[in-house]
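Hi everyone, thanks for coming. I'd like to walk you through some spaces in a protein model, so let's get the structure up on the screen.

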Amino acid sequence: MKKRIIYFLVATSIVSVGCSSDFLDPVRNTSVITSEDIAANADINPALLEGSINGIGSLLIQPGTRDYDLGQKGVDIWLDMLSGDMALSANSYGWYAKTANLVSTMDFSREENILIWRYYYKVIALSNNVINSFGGNDAVPTTPEARHIYAQAKSYRAYAYFYLAQIFQRAYDPSQLILPYNDGNDANVSYAKVPASQIYDLIVSDLTQSVEYLDDFTPSSKQQISKHVAKGLLAYTYAAMGNYSDAKILADEIINSGAHPLTTTGQLAFPGAGSGFNNVNTPSWMWGYDITTEMGHQLLDWWGQMDYFTYSYQAAGDRKTIDTGLLALIPANDIRRSQFGTSGVTTRMPINKFFDPGRTY
């Protein structure tokens, strides 16, 4: 009898639910914050997006899938080798060999190209998510906090597209088709290459607005983008376009602001006071990230690849040094010449420019 009652109750509830119009309506789970919630409240509560913007900053220094996939500083090493400024004077583990021998640049399917492409377009995608949370490219955030996060997202997007443009175009040619375009607006997205002019228009627009919106922003740490960083990126962009006059105006504005004094002679090379380029709080540094042991990067970060005194590849056999030809161009009385080793395995290594303060092999 009990079973018959249970079956009846179950059957009745199924019929009741099936006939209820309320059951057909989506039920809102109020314990979960959705992307729609964030988009609806981003302007009045921008703290909802602080984690997202900080996550983009963390991506710039996060090791990836390979031992030379290090975010921005990993790209810097590749570019220094391609420019001829950095030499791979010994190569025990195989990393960077294809780059140093200019093999990677001749084969688009090489891993190095894929990693660079994926890294920057991920920054672009994440930036677009933040921008769209405020309403898209034409949004006008109404609170200072919202404007600051919105502007940083646009700066990150511009930064990523700037580096992509430098890497995948030999020199600025506005009519050349160079990159796919994604500004977060589905109507504008192009998976085919678009002219460089379209990419640069987006970069200039993003950074110009960022400079304006960040005017009253005081970063809590140097990993955040300030108006000076945005101006610096815009100056780089103008210089790449051949607009040197506007690039100089922006550079002068940064210097004359007094926010970041010029690097001192002592800071340039060991044993000068404050030398080592190892303290993110150095006043002349505008934008940086404090790499700590707690992050767990182990061997896989820029210091491991470049510092002889941080045990990793530089110390163990993948030696990166200044190119002999470039070193020869530095005058003997220029302190920057003393940044590089002159004997043994550390010859031409930047052992007096980048180093752990302990300076112990």
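Let me start with a question: which element supplies the largest share of the lining of the second largest pocket? The answer is α5, which gives six residues. Please keep in mind that this is a predicted model.

Now for the pocket itself. The second largest pocket has a volume of about 1000 Å³. Its lining is made up of 27 residues, and the closest to the pocket's centre are Leu82, Thr105, Gln166, Ile167 and Phe168. If you want to find the helices on your screen, look for α5 (72-83), α7 (111-133) and α8 (144-167), each of which supplies at least two lining residues.

Is Met81 buried or exposed? Met81 is buried, because its relative accessible area is 5%, and the cut-off for buried is under 20%. Beyond its neighbours within four places in sequence, Met81 is in contact with Met86, Leu88, Tyr96, Thr99, Ala100 and Lys320. The C-alpha atoms of Met81 and Thr321 are separated by 9.7 Å, although the two residues are 240 apart along the chain.

Lining the largest cavity are Thr263, Gln267, Gly274, Phe277, Thr282 and Trp285. By class, that lining has two nonpolar and four polar residues, with no charged ones.

Thanks, everyone!

Technical notes:
Residues are numbered from 1 along each chain as its sequence is written. This is a predicted model: local features need pLDDT of at least 70, side-chain atom pairs count only at pLDDT 80 or more; totals for chains, interfaces and linings use all residues. Side-chain values use heavy atoms; hydrogens and water are left out. On a 1 Å grid over the protein atoms alone, a cavity is a set of points where a 1.4 Å probe fits but cannot get out, and a pocket is an open set with protein on both sides within 12 Å along at least five of seven lines; lining residues have an atom within 4 Å of a point. Grid points are joined across faces, edges and corners, and a volume is the space filled by probe spheres set on the points. Helices (H or I, at least four residues) and strands (E, at least two) are DSSP runs, numbered from the N terminus. Buried means under 20% relative accessible area, exposed over 50%, partly exposed in between (1.4 Å probe, protein chains only). Contact means heavy atoms within 4.5 Å. Ala, Val, Leu, Ile, Met, Phe, Trp, Tyr, Cys and Pro count as nonpolar, Asp, Glu, Lys and Arg as charged, and the others, Gly among them, as polar.
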